[in-house]
Amino acid sequence: MKPVLQIKNLRKDIGKKTIIHDLSLDVFAGEVFGFLGPNGAGKTTTIRMIVGLMGITSGEVLINGISIKKDFAKAIQHVGAIVENPEMYKFLTGYQNLLHYARMVKGVTKERINEVVELVGLEKRIHDKVKTYSLGMRQRLGLAQALLHKPSLLILDEPTNGLDPAGIREIRDYLRKLAKQEGLAVIVSSHLLSEMEMMCDRFAIIQHGRLVGIESVQDLVNSSQKVLLNVNPVEEAVSIIRQIYSNALRQVTKQGIEISVEREQIPAINAALVSKGVKVYGIQTVAKSLEERFLEMTGGNEIA
Amino acid sequence: MPSFISLIQNENMKIYRRMSTWVMIGLLALATIAGALMIKGTHKEEATGDWKKQIIAENQTLKAQLSEGNMPKAYNKQLEKQLRINEYRLEHELKPIASNSFWGFVVESSNLIEFITLFTIVIAAGSVANEFSWGTIKLLLIRPASRSKILLSKYAATILFAVCMLLFLLISSFIVSAVVFGVENVRDPYLAYQDGRVVETSMILHVLSVYGLNSVNLVMMVTFAFMISTVFRNSSFAIGLAIFLMFTGSQITMLLAAKFEWAKYSLFANTNLMQYIDGIPPVEGMTMSFSIMMLLVYFAAFNSLTWLIFKKRDIAA
Ligand SMILES: Nc1ncnc2c1ncn2[C@@H]1O[C@H](COP(=O)(O)OP(=O)(O)O)[C@@H](O)[C@H]1O
Ligand SMILES: [Mg+2]
């Protein structure tokens, strides 16, 4: 599958400072991809280069294979975005704002505007001035303008900023729907790991303008889990586990035996214990939190 | 790629959906009406006097001044012209056009073009700078329209605003003048002085040329404000600087022109093209075509700087 967004060796210098160092990644249709990093890591700067608001010092951004630098108009028509806050013309109504952006692309009809208004649930207030909108409504209007022209890449910079938990959940469900049902490639940025975990399929960790790593949320959750075994007799169980997974054993406590294995290994261990006559009273998986993994990976600080 | 017309539609929406724009239009209408009433109030006596006696008296003074001959050449030319026109009036029984007459007020109200210049400076200064201060520039520039096209649409909408305001002033001054002063002298000709001869032309043509020549200054100041607002992304600074220069620029130039010949290359020595019709250019030897050349150079310089900066800038707002 061809990626919707390709970033190749992207670099940004402002003055003598390098803000983004050699960033490369691909984002595919149907996935929600995260940019995770503390404030000042370079998420917004990267997004600004992707959408052509900032010049690219070196490297390349391709959208559906089209270079944003060389063929801006052609590349950008596949992109819908909110960069930082969804700032709209406050003295215009929501509808007039959408009309404004609709006029800037070919082929967005009045019907399409109404469709998008319905999609984001703003029908009741769309003819009110934007200055009367709450932050949540502005986010919705921002989303509406980004979706007007049916983009294949949707970019939202800190979309959950200032939203309450219910609002965050709504955005999350909506973005996942767009990715899974409409096949959009969605990029969201955040400085909160918990949001990445909730919203994304994969995310890139950015620190000091460098790509630290790209993680799949699924893999992270699956890989090496902490498992607590409540068994009797304990000594025999320990020797059996030593035999099959010598590295798995962590410690023996009053609660039971603590082991660290991948998810797929748990049934095998259970079967081995049972077949040797050990009584298994309980297997409790204590999923190693993403947070822990994350701290391991980034050196354990910096993330707010 | 969007059509240029839809981009202008967008800019128009952003201009005319704002209260402040309508306040400016209202102020212009008010100023026209107030001006007419003020002239009506202060010019009561003048109309009753015998215009021929006044002109004869004026001609005697003019002749005396001319015979002294110690004035600059351009100034003498001006006196000469006035004298010839006055003589023509006596000869053909053509009453001079008073301020409190139909044409008199229409011509008088062209002074309000300064207001229009002011208002258009406000629009021009906000056009780009407001998008930055509102933060909307980020959503504006991520559309399949080139930055040049967007910038041009902003400039065009600004000029379009000025044109609408000029038309509005022209039409409202006709209406107000007709209502307040009546249309008695509507058939009077305008007396122009061409190549040493007095010729009768139409008054409406004269009014249009006054508007046209005044608009030159308008366009230059608006283009200047547009440039400053794009370069500094600050509309108040652009408004302040443009208005300050508008009111002091010509004075400073006059002071410089008295001492230095190079003052003729300054913008403000050239913006007032009326000086070649019924005035004196600040530096001797300046001609209309010289000024037009200079204006074109400034115009091109302002616009290319605006365009270069807007096209290249990183949007970090
Ligand atoms: N116009 C600029 N000039 C200089 N430095 C900048 C500019 N914009 C951003 N930076 C710096 O670039 C870094 C990345 O900023 P940003 O992309 O906004 O981070 P994030 O969105 O991840 O919080 C920060 O250290 C910031 O100080
Ligand atoms: Mg940011």
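Three residues stand out on one side: B:L139, B:I142 and B:R143 supply 23% of the area that chain B buries against chain A, more than any other three residues. The contact draws on 30 residues from chain B and 30 residues from chain A, where contact means heavy atoms within 4.5 Å.

A quick word on ground rules. This is a predicted model, in which local features need pLDDT of at least 70 and side-chain atom pairs count only at pLDDT 80 or more, while totals for chains, interfaces and linings use all residues. Residues are numbered from 1 along each chain as its sequence is written, chains are lettered from A and ligands numbered from 1 in the order in which they are written, and side-chain values use heavy atoms, with hydrogens and water left out.

Now for the chains themselves. Chain A has 11 helices and 14 strands, while chain B has 13 helices and 2 strands; these are DSSP runs, numbered from the N terminus, with helices being H or I of at least four residues and strands being E of at least two. The C-alpha atoms of chain A fill a box of roughly 75 × 50 × 35 Å along the principal axes, and the C-alpha trace of chain B spans about 70 × 50 × 30 Å along its own. Of the 304 residues in chain A, 51% count as buried, and for the 317 residues of chain B the figure is 45%. Buried means under 20% relative accessible area, exposed means over 50%, and partly exposed is in between (1.4 Å probe, protein chains only).

In chain A, 67% of the contacts between residues at least 6 apart in sequence join residues at least 24 apart. In chain B, residues 24 or more positions apart account for 78% of the contacts with a separation of 6 or more.

Not counting residues up to four places away in sequence, A:G209 touches A:I19, A:I20, A:H21 and A:A41.

Beyond its neighbours within four places in sequence, A:L119 is in contact with A:L147 and A:Y174.

On to the charges. Side chains of opposite charge can pair when their charged atoms come close. The whole structure holds 22 salt bridges over all chains, each being a side-chain nitrogen of Lys or Arg within 4 Å of a carboxyl oxygen of Asp or Glu. Across the interface of chain B and chain A there are 3.

Which residue pairs with A:E87? The partner is B:K138, with the closest N and O atoms 2.9 Å apart. A:E87 lies in the loop between strand 6 (79-82) and helix 3 (94-102) of chain A and B:K138 in helix 7 (residues 137-140) of chain B, so this pair joins two chains. A:E87 is partly exposed at 22% relative accessibility, whereas B:K138 is buried at 3%. B:K138 also meets A:E84 in a salt bridge, at 4.0 Å from N to O.

B:K14 and B:E131 form a salt bridge with closest N and O atoms 2.7 Å apart. This pair links distant parts of chain B, with B:K14 in helix 1 (residues 4-16) and B:E131 in helix 6 (residues 113-134), 117 residues apart. Both are buried. In chain A, the side chains of A:D128 and A:R125 meet at 2.5 Å, N to O. A:D128 is partly exposed at 29%, and so is A:R125, at 27%.

Technical notes
Buried area is the accessible area (1.4 Å probe) that two parts lose on being put together, summed over both.
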